Amino acid sequence: MKETIKKPKINRFEKMENTIKAKDRVIAWPRMGRIDIPLKALVVSLGAKVVIPPANSNKALELGVKNSIEGICLPYKMNLANYIMALESGANTLMMFQAPGSCRLGNYTKMAQKTLKKMGYNFDMVIFDMYKSKMKQTLHAFWHVTHCLNPFKYYKGFSLGFSKFFAIDTAEKLLLKTRPREINKGDSEKCYEKWLKITDETNSIIEARKLRKRIIEDFNNIPVDKDKIVPVVFLLGEFFVLLDPYTNQNIEKELGEMGVEVQRQIMFGDWLEHVLKPSFLYKKESHRERAVRYAQKYMKRAIGGETIETIGDTVYAAKHGIDGIIHLMPFSCMPEIVSQNIFPKVRKEEDIPILSLVLDEQTGRAGYITRIEAFIDLVKRKKMRKEKNDNKIQK
Amino acid sequence: MQQSRQKKIGIPRAISYYNNYPFYYGFFNTLGFEVILSDKTTTKLINDGCKYVVSDTCLPVKVYVGHVINLLDKGINTIFVPSIQSVAHKINNCTKIRGLPEIIRNVVNRPFKMIEPTLDKTENIGFEDFWFETARQLDITDKDLIKNAIAQGWEMYNNFTKMVKSGIPYSRAIENSINGIFENNPVELVKPLSVVIMAHGYNLFDDRISMKLIQKLEHMGVKSYTGLNVSREDAINSIHALDEIQYWANELDLTGAAAYYMLNKKIDGIIALSAFGCGPDSLMVDEIDYHAKIKGIPMIHLTIDEHTGEAGFITRIEAFVDMLTRKNRKQLQDKYGSKKLITPVKQKEEERVLTNSLA
């Protein structure tokens with residue numbers, strides 16, 4: 001068969017719009033959890049201006065739903081709203097990473113671009129690809145946006161960014177661990193907010209490197225009830241809804257206040273380090289590799305999205321004495337539907353309770369909380385029974 | 001050889017069957033297998049499938065599971081469930097099609113042997129590797145035999161594509177290609193209206209899922225083109241001509257066909273047929289909708305799931321066809337000026353505009 005297909009001259013993933021001068025650029029990106037803090041540090045130290053769209057809210061959701069098609073998933077709707085809000089408040093360059101081949105994520109930028117142009121905005125969309133040669137692509141994207149040639153600035157930006165990512169990750173992990181055990185309600189939340197603010201304000205590499213240690217020390221000072229029996233629950237599922245507290249209706253806080261320790265498996269800093277660092281520098285077993293190893297029995301190939309992580313973590317949890325799994329996904333998420341299909345077998349063979357929650361713009365809060373409460377009751381009872389049995393055996 | 005003749009392999013009549021069956025048939029037949037197909041889709045079969053998977057799963061996958069169950073009920077113990085991950089570099093399939101073997105393995109709790117090769121050109125697992133892997137899982141290692149089988153598969157497949165492209169109805173083309181008949185003189189249908197149907201093969205050619213959409217349109221005097229009438233090159237070039245890029249592996253059946261006919265041939269309308277909750281379709285339909293609006297071509301989006309009633313379905317198609325007919329009539333009236341139902345005042349106004357523009 002003769003190849004008569006004309007290939008487009010520029011690869012979509014390398015094509016970057018360039019209608020605005022570098023010095024006039026005001027950069028914005030969609031929100032997801034707290035990634036705005038480290039990214040802001042990075043871009044600002046490269047010498048560009050930044051606009052951070054307001055936090056996700058009902059208003060943002062409404063805006064997103066109004067301007068996107070019916071069948072698309074929730075993360076896109078939120079992203080689009082972020083873009084619109086950023087453009088309204090003066091941004092002219094939008095950044096977004098994408099991992100092609102995962103799911104509809106790879107199509108987000110293309111669609112958003114078209115929708116926003118149709119709405120009459122003028123802007124540049126800079127997309128960088130997280131497939132192979134990621135570091136190169138990422139650097140190229142940031143160069144394209146800022147036209148900064150000073151290597152020290154890049155060093156400073158990336159080092160600050162990574163330190164802040166890790167600091168936030170640490171603070172989040174400690175918050176999740178301390179919240180169910182704290183004696184004075186609200187202590188850990190306050191501590192977390194305080195550190196987020198400090199992290200945001202830190203501006204030197206040395207200070208940023210110390211952040212992590214200081215956060216750990218500060219969290220250790222919170223008075224906790226050490227003897228309290230706390231069930232541990234893994235939080236798994238789709239990347240965006242896990243990291244975005246608005247879309248998942250702050251499930252972590254809700255669970256913490258019910259006296260449950262949450263261990264979220266996907267941490268953004270962790271993930272980014274694994275993705276961006278060259279493989280010969282990354283020595284430890286990454287989260288994904290661990291997931292692939294544990295999921296072997298149920299899945300033989302990665303099929304895109306976070307399916308294999310979800311299944312792998314579930315098996316890992318069951319083997320390491322975790323009490324339950326809460327699985328989050330946006331409505332009509334393709335990879336997570338496959339996970340949902342695999343769950344019944346895992347649940348049966350590994351003997352672990354799983355609650356799968358589907359989120360969309362219509363999720364009602366009351367029903368959502370009721371389901372979580374019922375599940376937590378079940379998990380607690382199961383844990384108590386298990387402990388009773390263990391005591392009997394000991395006697 | 002005598003023993004291996006009696007070996008049977010089951011192919012579910014769903015998903016990749018609709019586009020690739022002639023290839024599968026040629027390949028497995030040459031390897032010495034008897035190819036057993038599952039029964040045609042029925043409501044009972046869909047209900048069987050629904051019992052096994054969660055309710056959010058899309059209709060085609062439910063149907064697929066139903067077909068696998070049907071094959072197992074027939075007593076077939078070896079079933080071919082391929083995982084087609086990507087067909088070119090960074091052009092991936094839908095997650096559920098990529099994960100078909102994973103779904104089947106975890107959902108169907110019955111002992112059987114699943115042949116599950118992977119085609120993933122992004123990770124350099126090419127087309128030949130795919131078939132060698134299939135043969136390896138069937139305990140066949142004779143390289144020449146496998147290569148011969150692949151050649152045989154290609155021959156049948158090429159015959160099939162040539163026949164459908166020339167306009168022979170899908171079911172007859174598939175039957176002919178399997179029996180080794182090559183038909184070359186199709187009956188050209190001349191109908192007053194023509195539409196392009198953008199839909200996946202597994203939705204459109206499954207008589208239960210699509211409720212015989214093509215035949216229904218034919219009765220209404222509408223000729224329908226599908227993705228199979230367009231060659232791969234044409235489809236990709238048309239997508240590029242619209243300044244879009246192929247993102248999904250099975251995009252050519254939808255955007256490819258729609259873009260080709262939108263650009264090159266006079267069609268009166270576009271019908272999009274997709275399953276409820278289909279991720280890729282939601283994007284592709286939107287893409288074509290955007291261009292159709294610019295070009296002024298009417299478009300209808302039909303969504304189907306296991307509960308879709310036939311009556312409502314027909315009503316929607318009829319309304320759409322009526323609209324097309326009216327639009328056509330209006331155009332003819334405007335062109336030849338016969339039976340113009342314009343009031344004299346309006347006519348004068350029009351004339352004034354015309355003279356002004358001429359001046």
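In the predicted model, strand 8 (193-198), strand 9 (222-225), strand 10 (269-275) and strand 11 (299-304) of chain B are the elements against which the buried residues of helix 16 of chain B pack. These buried residues are F320(B), V321(B) and L324(B). Helix 16 of chain B covers residues 310-336, 27 residues in total. From the first C-alpha to the last, helix 16 of chain B reaches 39 Å, close to the 39 Å expected at 1.5 Å a residue. Just after helix 16 of chain B comes G337(B), with a positive phi of about 70°.

Chain B as a whole contains 17 helices and eleven strands. Its C-alpha trace spans about 85 × 40 × 35 Å along the principal axes. Chain B has 359 residues, of which 45% count as buried. Among the contacts in chain B with a separation of 6 or more, 70% are accounted for by residues 24 or more positions apart.

Chain B also touches chain A, in a contact that takes 33 residues from chain A and 31 residues from chain B. On the side of chain B that touches chain A, at least two residues each are supplied by strand 4 (83-88), helix 5 (95-98), helix 6 (100-107), helix 13 (232-241) and helix 15 (279-295) of chain B. Helix 15 of chain B gives the largest share of this side, with five residues. By residue class, the side of chain B that touches chain A consists of ten nonpolar, 14 polar and seven charged residues.

Technical notes:
Residues are numbered from 1 along each chain as its sequence is written. Chains are lettered from A and ligands numbered from 1 in the order in which they are written. This is a predicted model: local features need pLDDT of at least 70, side-chain atom pairs count only at pLDDT 80 or more; totals for chains, interfaces and linings use all residues. Two residues are in contact if their C-beta atoms, placed from the backbone, lie within 7 Å. Helices (H or I, at least four residues) and strands (E, at least two) are DSSP runs, numbered from the N terminus. Ala, Val, Leu, Ile, Met, Phe, Trp, Tyr, Cys and Pro count as nonpolar, Asp, Glu, Lys and Arg as charged, and the others, Gly among them, as polar. The expected span of a helix is 1.5 Å times one less than its number of residues. A residue is buried if 20 or more other C-beta atoms lie within 10 Å of its own, exposed if 12 or fewer, and partly exposed in between; C-beta atoms are placed from the backbone.
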